[in-house]
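Please keep the sequence and the model in view while reading.

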Amino acid sequence: GGGGGGGNGRRGGRPRRASIIESWNASPDRDDWTLDQIFDDLPAFAADSAGTHHLQALFDAASPEEMRAVFGRLSPHVPALMTHKCGNWTLKKLCECLEAPELACFLEDHVLSSTGTLSFNVSSARVLKAALVRGKELTAASGSRQHAGAHVSRQVESEDGRHVYESHRLR
């Protein structure tokens with residue numbers, strides 16, 4: 001049957017994508033929800049206006065290992081989140097928190113092949129700028145031009161991404 005199915009809110013079954021956000025929004029302790037608790041639902045949180053704020057706060061306190069796991073979980077969803085009105089803010093913060101190897105993978109997998117088209121979208125340009133700034137920070141911190149951050153910045157600039165970095169003055 002194709003009856004629209006009523007969700008009974010049980011915890012044992014796999015919740016609908018929206019139901020986790022509804023449960024979180026209704027929770028009196030929602031600010032205490034951890035990355036571990038919401039890990040499977042990171043894409044739903046990234047695409048929700050309140051959820052992205054919660055994720056950004058969690059990212060600030062996350063360890064490098066946790067951020068690697070977050071990157072792996074969100075990676076398949078990056079193309080959709082890049083231009084999403086809320087998701088791009090999650091990706092911006094993700095780029096700001098990633099270490100050099102993950103940042104290099106992010107840019108190589110999700111940006112370099114799309115720089116031309118992404119640069120004309122304000123949301124994705126915000127993510128690209130955050131990634132470039134983080135790459136430059138990692139390069140400066142390491143003091144080595146061989147650092148992954150330097151490699152990524154040079155690659156993006158050579159792919160004509162520099163105009164995005166310079167022309168979009170986004171915060």
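The sections below go from the overall fold to individual salt bridges.

## Overall fold

The model is predicted, and it contains 12 helices and 0 strands, so that, read along the sequence, the pattern is α-α-α-α-α-α-α-α-α-α-α-α. Of the 171 residues in the protein, 45% are buried.

Among contacts between residues at least 6 apart in sequence, 67% join residues at least 24 apart. The accessible surface comes to about 9200 Å², and carbon and sulfur atoms account for 49% of that surface.

## Salt bridges within helices

Side chains of opposite charge can pair when their charged atoms come close. The structure holds 7 salt bridges, among them one between the side chains of Glu-65 and Arg-68, with an N to O distance of 3.5 Å. These two residues, Glu-65 and Arg-68, are 3 residues apart in helix H5, which covers residues 64-74, and are therefore separated by about one helical turn. Arg-68 is partly exposed, its relative accessible area being 36%.

In helix H7, which spans residues 87-97, Lys-92 and Glu-96 are 4 residues apart, and this spacing again corresponds to about one helical turn. Their side chains meet in a salt bridge at 2.6 Å, N to O. Lys-92 has a relative accessibility of 15% and counts as buried because this value is under the 20% cut-off, whereas Glu-96, at 31%, counts as partly exposed.

## A network of charged residues

Lys-92 and Glu-96 also belong to a network of salt bridges, in which they are linked with Asp-60 and Lys-93.

## A salt bridge across the sequence

Which parts of the protein does the pair of Glu-99 and Arg-134 tie together? The side chains of Glu-99 and Arg-134 meet in a salt bridge with an N to O distance of 3.7 Å. Glu-99 lies in the loop between H7 and helix H8 (100-110), while Arg-134 lies in helix H10 (residues 122-142), so the pair ties together parts that are 35 residues apart in sequence.

Note on methods
Residues are numbered from 1 along each chain as its sequence is written. This is a predicted model: local features need pLDDT of at least 70, side-chain atom pairs count only at pLDDT 80 or more; totals for chains, interfaces and linings use all residues. Side-chain values use heavy atoms; hydrogens and water are left out. A salt bridge is a side-chain nitrogen of Lys or Arg within 4 Å of a carboxyl oxygen of Asp or Glu. Buried means under 20% relative accessible area, exposed over 50%, partly exposed in between (1.4 Å probe, protein chains only). Contact means heavy atoms within 4.5 Å. Accessible areas come from the Shrake-Rupley method with a 1.4 Å probe; for residues, only the protein chains shown count as cover.
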